[in-house]
Amino acid sequence: MPLTKQEWLALEEKASELRHLCLDTTYWAGSGHIGGGMSIMDMLTVLYHKYLNIRVEEPLWEDRDRLIVSKGHAGIALAPVLVDKGFNDPEQLKTFNHTNSKMGIHLDANKVVGVDASTGSLGHGLSIAVGTALAATLQKKDYITYCILGDGECNEGSNWEAAMTAAHFNVTNLISFVDRNKCMIDGPTEDVMGLEPFVDKWKAFGFIVKEIDGHNIKELCETIDFALENKEAPVMIVANTIKGAGIDFMEDDYRWHYGAIDEEKYKKAKASLDKYCKSRKERAEKEGA
Amino acid sequence: MAGLTYTAVESTALSTAEYYGKALCELGREHPEVVALTADLAKSTKIGMFGEEFPDRFFNVGIAEQNMFGIAAGMAKAGLVPFLSTFSIFASLRSADQLHTDICYQNVNAKIIATHAGTSFGQAGSTHHAICDLAVTRSFPNLTVVCPADGMETVNAVRAAYEMQGPVYIRINRGFDRVLNSSTDYDFEFGKAITLHEGTDLTVIACGSCAFQALTAANFLDNSDGLKIRVLNMHTIKPIDREAIEKAVMDTRRIITVEDHNVIGGLGSAVAEVIADLGKGCAFRRLGIQDVFAPIGLHEDIMSIIGIDSNGIIDAVREVMKKDFELDDDWEDEV
C-alpha cells in the first residue's frame, strides 16, 4: 500500500513529537547520546507507528514483531518512543540516567517494557535478531524481526559473522537498517576506520541492499514494503542520515555523539526542531500523493 | 528420570561428550523447543548427534562463536531452549562479551555445554586448554556453573540444566573420563556437593575428573596411612555448596581443593571465599594449575605433572596433615 499523504503527514507529526520528547529526555537527564538518537528517530517512528505488529497491553505477546536496536546507546531515542506508545510510565523519562532509574543510557530489556534486547555492547544486535528470526521460522510464526545497526558499530567483526549467517540461512523474515550517519565517537567514520565501499560490503555478504535517505518517511516506507515482500535474500537498508538531525548546532557533528544540554542549548534546540519539523511537514504536504 | 539410567557397560564405551550427545538427543525427543548450535565443532563436541536426529533444529554457524551466542540469546528470547557447544576456552573467552551481555545480563534460558575443559585437550597446547573458564563464568551474575565428574554426571547435569530456568554453563572433558558413577541413579542437584568418602581428618573438595582422583587418593590413604579423608564432589562451582564447605571446616579443619583449572578464580578460590567468610581457621591448600600455562601432553600426564592426580593429592594430604595450624583447639576465641 503506497503511503498516503495523510499517513505521511501523521508520521511527520509523530516524528516531530518524538524528536521533541527525545530532546526533553536529554535535557532532563542533563546529557545523552542525542546525535545518534535523532538520526534514527524517523526509522523508529515509521516502525512503531506503521509497521510493528505489537500489543501495548501484552508487551511479551509471542507473535509480536521484534525490533533489536543494536546501537544500544540510542536508548535516549527508543525510551521516548516506548513511553509515547504507552509501554512505560511517562514519568520515567524524567528520571532517565538518574540513580536507580529503570532507564539508563543502554535500555535493559528486563526493566524497560517493550525493549526486545538489552544492547549496548556493539556488534551484538544482528546476531540476536538472526536468532529471533530463525526461531520464528522454526516455530512457523510469521512475525518479522527488525534490527537497527549503527554504522560505526559495523567495525565490529561480529556483525559480519551475523551477516554471513543471515545470508547462509536465507533469513528473509529479518529486515535490517544501518544508521549511516557517518560519525562515531572519535570522528567521521571514514577517518576513524573506513567503511566504504559500505553498500558493496553488504552485497558481498549476500544481502539485498537498498540505500536510501533515512530521514525521508516516504522512502523508508517504500523500502520496508519492498523488504516485506522480498524472499530472495536478507535485506539491508543503508539509511543515509544526519547525526543530530533536526537540531542545527548538532547536525553532522561527531562531537554530538554524546553531549550535555543546558537550558540555553535546550531552548535553541527546541526552536531549531520546530523549524526543521515544519519544513519536513511542508515537504510532505507538497510531495505527498 | 525413567529411561535415563545407562548401564555400566555403556559407561566404559562412551566418551563424556558422547553421554552429553545422547542426553541432548533424549531432551530433543521430549521437548520440541530444544535446539542446538555449534561453531564448526559438531563432531568434536558431539552436539552433532542431535543434528543428525533433528537437522531442522540444529544450527552450525561456522567458526563464529560470538555470533553463535548472540543467535542463541535471540532464540531463547523467542521461546526456544538453545544448547550451545564449543570448546570451553572459546565459550568462556572468545564469546565472553556475548555470554556476559546477551545470555547472562538478559538472563535468557540458554545452556552452554563447553567441551575440552581444563587440560583435557592436552596435546593441543595452551590455545586449547581452558584454565580460566571457571574464573570467568563464575563472575557472571545469573549463570550457574557446573563441572561434572564423568559421563553419567554429565547426563544428570544436562537434564538438570534443562529443568531449570536461566543460563547454565557446563564444562566437560574431551575424551574418556575415569568412571565415578556407574549409573545416573543417584542424588544429583545443582549446588549440592556429593560426599564420595566420609572422613574427619581432612576434606578434599574436587570437581570434574579430579573427583575420581580424590576418591582414589582417599581410599589409598585409608589403607596405607589410616587417614580418614572426606571427599566432596563439588560438581557445581556456582552456586557453591556453602553448607558442605562450612561443615568440612568445622568437622575436619583441613581442606584441599583439586581442579583442572588455574588455582586463581576457580573451585579453589570459590572454596577459599566461603572459608574466609566463615572466619574459622583452617589449613588450606589449592591444587590445580599454579598460574602458569600448562605443558603439552596427554591429559592424564598433565594431571600428574601439575599434581592433580591421585599421587599429587596423596602428597598434598600428607603435607597438610603435618600442618599444626592451631595450638589451643579453642574455636570459641576465633572471630
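Predicted model: local features only at pLDDT ≥ 70, side-chain atom pairs only at ≥ 80, totals over all residues.
**Chain A overall**

Let's start with chain A, which has 10 helices and 9 strands. Its C-alpha atoms fill a box of roughly 50 × 40 × 40 Å along the principal axes. A compact globule of 289 residues would have a radius of gyration near 19 Å, and chain A comes out at 18 Å, so the two agree. Buried residues account for 53% of the 289 residues in this chain. If you take the contacts in chain A between residues at least 6 apart in sequence, 77% of them join residues at least 24 apart.

Helix α3 of chain A (residues 41-51) is worth a click in your viewer. Because 8 of its 11 residues are buried, α3 is largely enclosed by the rest of the structure.

**Where the chains meet**

On the chain A side, 22 residues are in contact with 26 residues of chain B. Two helices of chain A, α5 (125-138) and α6 (157-168), each supply at least two residues to that side. The top contributor is α5(A), with 10 residues. Sorted by class, the chain A side has 11 nonpolar, 9 polar and 2 charged residues.

**A sheet in chain B**

Over in chain B there is an open sheet of 5 strands, in the order β7-β9-β8-β11-β12, with mixed pairing. Its edges are β7 (194-197) and β12 (283-289), each of which pairs on one side only. On average, neighbouring strands here are turned by 25° against each other, direction ignored.

Strands β8 (residues 202-206) and β11 (residues 254-262) of chain B run parallel and are joined by 4 bridges. Look for B:I205, which stands opposite B:T257 in β11(B). Helix α14 of chain B (residues 310-322) lies across β8, β9 (229-233), β11 and β12, and runs at about 145° to β11(B).

B:A161 is in helix α9 (residues 151-163) of chain B. Like any residue over the cut-off of 20, B:A161 counts as buried, with 25 C-beta neighbours inside 10 Å. Beyond residues up to four places away in sequence, B:A161 touches B:K111, B:V168 and B:I170.

The largest nonpolar core has 192 residues, and B:I170, B:V204 and B:A214 touch the most other members. Leaving out residues up to four places away in sequence, B:I170 touches B:I112, B:I113, B:A114, B:V146, B:P148, B:A157, B:V158 and B:A161.

Here are two C-alpha separations to check in your viewer:

| Pair | Separation along the chain | C-alpha distance |
|---|---|---|
| B:I255 and B:A272 | 17 residues | 9.5 Å |
| B:A161 and B:A316 | 155 residues | 34 Å |

Definitions and conventions
Residues numbered from 1 in each chain as written. Chains lettered and ligands numbered in written order. Pairing = 2+ DSSP bridges. Axes fitted to C-alpha atoms, helices over the stretch in contact; angles between N-to-C directions. Contact = placed C-beta atoms within 7 Å. Rg over C-alpha atoms; globule rule 2.2 N^0.38 Å. Buried ≥ 20, exposed ≤ 12 C-beta atoms within 10 Å, placed from the backbone. Nonpolar A, V, L, I, M, F, W, Y, C, P; charged D, E, K, R; others polar. Core = buried A, V, L, I, M, F, W, Y, C linked by C-beta atoms within 7 Å.
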